[in-house]
Amino acid sequence: MSEMLQTTDLPASDADLLAQTAIAVRAAGAALRERFGEVVRYQSREELMRALAANDDTALDILRPRLTRLRPDAGWVEDELDGGALPPGEWWVVDPAEGNVNHLHALPDWAVTATLVRENQPVLTAVHLPLTGETYTALTGAGAHLDGRPLHVSRTADLGLSIVATSQARPDEDEKVVRRVGSSITAMLFDALVVRTAVPATLHLLNVAAGRIDAFWQFAGARADLLPGALLVTEAGGRISDIEGRPWTPQSESFLATAPGVHAEAVATLSR
């Protein structure tokens, strides 16, 4: 995967496939919205995991049969913490409740995502935000859109004028990564205008694609929280790499997505 995700000529059916994928994530999002509102109380990690799984299962009961009918031979990945390269062929990479812990805490920052990966390249993605009704889509070579309207990254060319964001890849991260996250935030606090920190990653990446924020970075990370946004940002005209400016792949130890005008500055800040 290159710094700008590869674009290839795609069969016309991929556009229809994306439209059907968007319908599926909207249906799953509607089911999760019915479960949203009250803070879900839990007293142990086991109770938390059961609550998270209940949300996942609600969405997967809708997503799995619909997406399987669309691509019966495609593999299926639903573990939002999995990373690394996929085996050859087509795979559905799904996060049935991206930002699930926010949902449990009655916070609005959550979504449903589904991405089709072909030979380790994301070729289409649909991300639905049930509380706003917005659906973000991207198709390789055909651009990124919000409810049919084209998305474009920011034209900002000065990191000192930029809103930037980062996210925690997963709970219980090892000490080396935690310290690296902390030092990167400190560096950005010196160099950027405003630094936002929150989960999930996908929602920050939607904002990069829409030109609302200028850069997002994360250490480690999983396919499900980076692939949808990577495709959206690339198709909206942005750049992706690791934080040292090298081509990003799902095996990379860091991830950076920016407006083109601030990419070099962001790399310099995060690499020092």
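**Exercise 1.** Determine whether Phe 219 is buried or exposed, and which residues it touches.

*Solution.* Phe 219 has a relative accessibility of 4% and therefore counts as buried, a term that means under 20% relative accessible area, with exposed meaning over 50% and partly exposed in between (1.4 Å probe, protein chains only). The model is a predicted one, in which local features need pLDDT of at least 70 and side-chain atom pairs count only at pLDDT 80 or more, while totals for chains, interfaces and linings use all residues. Residues are numbered from 1 along each chain as its sequence is written, and side-chain values use heavy atoms, with hydrogens and water left out.

Leaving aside residues up to four places away in sequence, Phe 219 touches Ala 169, Val 177, Arg 180, Val 181, Ser 184, Ile 243, Glu 253 and Ser 254, contact being heavy atoms within 4.5 Å.

**Exercise 2.** Describe how helix H4 packs against helix H7.

*Solution.* Begin with the axes, which are lines fitted to C-alpha atoms over the stretch in contact, with angles running from 0 to 180 degrees between N-to-C directions. Those of H4 (residues 175-191) and H7 (residues 263-271) come within 8 Å and cross at roughly 130°. H4 is therefore oblique to H7, since angles under 35 degrees count as roughly parallel, over 145 as roughly antiparallel, 65 to 115 as roughly perpendicular and the rest as oblique.

Then list the residues in contact: Ser 184, Ala 187, Met 188 and Asp 191 of H4 meet Ala 266, Thr 269 and Leu 270 of H7.

**Exercise 3.** Carry out the corresponding analysis for H5 and H6.

*Solution.* The axes of H5 and H6 come within 8 Å and cross at roughly 5°, which means that H5 is roughly parallel to H6. Among the residues making this contact are Leu 205 and Leu 206 of H5, together with Gly 229 and Leu 232 of H6.

**Exercise 4.** Which residues does Tyr 136 touch?

*Solution.* Not counting residues up to four places away in sequence, the partners of Tyr 136 include Val 127, Leu 146, Leu 206 and Leu 232.

Notes: Helices (H or I, at least four residues) and strands (E, at least two) are DSSP runs, numbered from the N terminus.
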